Amino acid sequence: MFALEYHEATKHHFNRFARSAGYLDWATQPNPFRRYAGAPVTALPRDAVAPSEPYDALFAGAGDAAPISESTVADFLRCSMGLSAWKQYQASRWALRVNPSSGNLHPTEAYVVWNSRVYHYAPSEHAIEERCRLRPPAGTEGSLDGDGFLVALTSIFWRETWKYGERAFRYCQHDVGHAIGALRFAAARLGWGMTLLSECSDDALAALLGLDREPDFLDAEREAPEWVAVVARRAVALDVDSWVVRAREGVWSGVANRLSASHRDWPIIDRVAGSTADPGRARRARAASVCAPGDGHDAGAASELTARTIVLQRRSAVAFDARSSLPFAVFRSMLARLRPGPSPWDAIDWPPQVHLAIFVHRVDGLVPGLYAFLRDPGVLDEWRAALRPDFLWEPIPGFGTRDSGLENVLNDPNDPNDLFLLLPLDMKWHAARVSCDQDIAGDGFFSLGMIARFEPALRERGEWFYRRLFWECGLIGQVLYLEAEAAGARATGIGCFYDDPVHEVLGLTGRDWQSLYHFSMGMPVEDGRLTTEPGYEWEVVSRK
Ligand SMILES: Cc1cc2nc3c(=O)[nH]c(=O)nc-3n(C[C@H](O)[C@H](O)[C@H](O)COP(=O)(O)O)c2cc1C
C-alpha cells in the first residue's frame, strides 16, 4: 500500500523534517485565486441570509429549511468558502477565509452544480464562474433544481507543495476536512441537509467538474477531485452517473489561470494522489438527511453570538496568553460536540476512526495532564491495550462527581464514559516539544493529538480511505475552531508535529494508531502590528 509508504516517508523526526524545498521561493509563490478566463461570471448577491440564527443551529439545524435560491446559495458559499478578512503588515496584504488552511495557502477549490450548470466559486469577488451548461435532462434522468444542488471540492496540491514539499498532501486533506465542516455548517444554518455522494468515483467527479479537460488547463496547475455531496431541503433521489454523462455532453467554457511561473515536481505527491484515488462505492438509495431541529448535543457554552457571526469571525491564534483557563463544563461540552451525531457528523458516512490524546494545561477543575477522549467509547479496551500499561485510565465523569469511583461511573447510564485521565503531569513542555516546538501547543487551555485507527482501517477499506482519515481530523478541527470562538477564546490547527515522538509519549508502537493532526486552544494574544479589514468591501459597515 503506497499510502503507508507515503505516510512513513512524510513523518517529521526530531533530527529530520519531511522533505521540502527548505526555503520559500517567492518568485514562484502560487496565486491563491483560481479563475477560469472566458467563463461567464455572475456576481453573487451580498445580503446576509438568516443572520440571527443561533450558534446551536449549526449542530441541530435551523427551524425551517430556506428555499434554494441565488441569494441562499450565495450566502451558503460566502459563509463556508468566502473571504473572512484581509490582513496587512507593511506592504504585504493577504486574505483569510472562512475555512482555514495550512500556511493560509488554500489548495481547496469549491464548485456547485446547480440549475443544470457547473459553477466554480471565485471567493475573491464572491462570484461564480459558469464552467458548464449541462445537457438538459432526458427521460428518467433526474434533476434537483429547486430542491437542492451538488457541492464539490478539489485540491491544487501545488499550492501546498510550494511551501511544504512532500508532507503537503496530508495538509491538503486536512484542508478538505475543514472545508467539509465549513460547508456542512453553512448548510445546517439554512436548515439544509448535506450528504456525501460516496458512489461517485474520483474519475466521475473529475468528469463532472471538467477537471479532466486537457485543453482547459494547458500550462495551468491541475485540480484533483476530492469530495462531492448533495445539499438539499428534503430527502432527494439522485443518480450522479447521469449528471456525469450530461456534463460530458454539456457546453464548457473557461480556461484555468496559471498560478505560478514555474514549478518544482514532487513525484511522491502524484503517486499518493493516484494510489488513494477514490474508486467509488456501490450505489445506495439516497436520502439526504436534514437535521431535525432540537436533535443536537448537550448545550455548550451558551453563546450570545449568532451562528453567522461566529462562522465569519473564526481565526487562528498566533499566540496564547499562557495564563487563562477554561471552565470544565465548557471543555466537556466542546468534547460532546465531537461525538458522532447530526450536523456536522452526518457529512461523513463512516463511524469515528479518530480519538483524542489531550494535553490539558489549564482547565478549571481538571488536574493538568494527559487525557484520552474516545469518540467511540467502544474502543476503550483496544486503547488500554495499545497505550502505555502504566496509564491510570481514571474516568472523568461528564456528570456527577469526580470521586464517583470507576465502577459507579462505568455503570452510570447517563455518563458518556469517554474522558479519562491517563497521566497527571504538567505537560506544557512536552506538548510544545512534540508539536514542532510551537509555543501555541503549551500556552493554551489544552492541545491535542488526533489519533486515528490507521493501518487496519486502510487494510479493511482500501487506500482511498487514507484521505478520509484526514477529512475526519479536519472536521474535528473545524468544530473546535468554532467552539473556541463561541467560548470567547481562539484555536489553531497544528499540522507540524513530530509523528513518532507523539506515539512514544503515548506508548503506541506499530501502525495500528497514528497521530494525524494536532490542535490547540486558548486565549489569544493578538499581533498588534497587523491591520484587519473585512473580507469584502461591502461589509465594511455591517461587520466589525
Ligand atoms: C491543516 C492545518 C495545519 C496548520 N498547522 C499550523 C501549525 O502547525 N502552526 C500554526 O501556527 N498554524 C497552523 N495552522 C493555522 C494556519 O496557519 C491558518 O489556518 C492560516 O494561516 C489561515 O488563518 P486563519 O485560520 O486565521 O484563517 C494550520 C491550519 C490548518 C488548517
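Predicted model: local features only at pLDDT ≥ 70, side-chain atom pairs only at ≥ 80, totals over all residues.

Mentor: Residues are numbered from 1 along each chain as its sequence is written, and side-chain values use heavy atoms, with hydrogens and water left out.

Trainee: How many residues surround the ligand, and which are the closest?
Mentor: A residue is near a molecule if one of its heavy atoms lies within 4 Å of it. Here 22 residues surround the ligand, the closest being Arg 314, Ser 316, Gln 438, Gly 493 and Gly 495. The shell splits into seven nonpolar, eleven polar and four charged residues, where Ala, Val, Leu, Ile, Met, Phe, Trp, Tyr, Cys and Pro count as nonpolar, Asp, Glu, Lys and Arg as charged, and the others, Gly among them, as polar.

Trainee: Which polar backbone atom is 2.8 Å from a nitrogen atom of the ligand?
Mentor: One of Gly 495 sits 2.8 Å from a ligand nitrogen, and a backbone N or O atom of Gly 493 is 3.0 Å from a ligand nitrogen. Then there's Cys 496, with a polar backbone atom 3.3 Å from a ligand oxygen. The protein covers 84% of the 610 Å² of accessible area that the ligand has on its own (Shrake-Rupley method, 1.4 Å probe).

Trainee: What about the largest nonpolar core?
Mentor: A nonpolar core is a set of buried Ala, Val, Leu, Ile, Met, Phe, Trp, Tyr and Cys residues joined through side-chain atoms within 4.5 Å. Buried means under 20% relative accessible area, exposed over 50%, partly exposed in between, with a 1.4 Å probe and protein chains only. The largest core has 110 residues, and Phe 331 is among those with the most contacts inside it. Helix 15 (residues 465-486) gives the largest share, 14 residues; helices are DSSP runs of H or I, at least four residues, and strands are runs of E, at least two, numbered from the N terminus.

Trainee: Is His 503 buried or exposed?
Mentor: His 503, in helix 16 (residues 499-506), counts as buried because its relative accessibility is 3%.

Trainee: And where is Pro 368?
Mentor: Pro 368 is in the loop between strand 13 (354-360) and strand 14 (369-373). At 33% relative accessible area, Pro 368 is partly exposed.

Methods. Polar contact = N/O pair within 3.5 Å; in protein donor to acceptor, adjacent residues only side chain to side chain.
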